[in-house]
Amino acid sequence: MEYHIADSEYRFMQVVWEAAPVGSGRLVELCSERLGWKKSTTYTVLKKMCLKGLLQNEKSVVSVVVPRELVDNQAAEQFVDRTFGGSLPGFLAAFMGSKKLSDAEAEELKHLIDEHKG
């Protein structure tokens, strides 16, 4: 399943991922502190994220259904697809620009490539 979330929804999810499981009252406080949101905004976005299947709110306790890593991976894939026609080398070339890699970074990238070949 693919999850498409707006920037404001992602910021909300960051708060939940850090605090979950969290009481909905405490979540309202956290969103007020960190996002400057009113109670009604928090509950509106919470309901939306529950409908999208990312969160659940049972007995006023909000818990995560979809882990952050999955949402982040999908967002990265969507970005590369949309911006670079799905070309990972095209993305890396644009990202790197004139930057130089350390030996450790180069080895880490080689290791990642080897893990994901084929």
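Phe79 counts as partly exposed because its relative accessibility is 34%, where buried means under 20% relative accessible area, exposed over 50%, and partly exposed in between (1.4 Å probe, protein chains only). This is a predicted model, in which local features need pLDDT of at least 70 and side-chain atom pairs count only at pLDDT 80 or more, while totals for chains, interfaces and linings use all residues. Residues are numbered from 1 along each chain as its sequence is written, and side-chain values use heavy atoms, with hydrogens and water left out.

The structure holds six aromatic pairs, a pair being rings of Phe, Tyr and Trp (its six-membered ring) whose centres lie within 6.5 Å, with planes under 30 degrees apart counted as stacked, over 60 as edge-to-face and the rest as tilted. Among them, Phe79 and Phe84 are edge-to-face because their planes stand at 70°, with the ring centres 6.0 Å apart. Phe79 also forms an edge-to-face pair with Phe91, at 6.1 Å from centre to centre and 85° between the planes. Phe79 belongs to helix H4 (residues 68-84) and Phe91 to helix H5 (residues 88-96), so this pair ties together parts that are 12 residues apart in sequence; helices (H or I, at least four residues) are DSSP runs, numbered from the N terminus.

The relative accessible areas of three of these residues are set out here.

| Residue | Relative accessible area | Class |
|---|---|---|
| Phe79 | 34% | partly exposed |
| Phe84 | 24% | partly exposed |
| Phe91 | 22% | partly exposed |

Phe79, Phe84 and Phe91 form one aromatic cluster together with Phe95. Over the face of Phe95 lies Lys99, at 4.3 Å from the ring centre, a placement that requires NZ of Lys or CZ of Arg within 6 Å of the ring centre and within 35 degrees of the ring normal.

What is the number of disulfides that the structure holds? The structure holds zero disulfides, a disulfide being a pair of cysteine sulfur atoms within 2.5 Å. For Cys31, the closest cysteine sulfur is that of Cys50, and because the two sulfurs are 12 Å apart, they are too far for a bond. Cys31 is buried, with a relative accessible area of 0%, whereas Cys50 counts as partly exposed at 25% relative accessibility.

Methods:
Helices (H or I, at least four residues) and strands (E, at least two) are DSSP runs, numbered from the N terminus.
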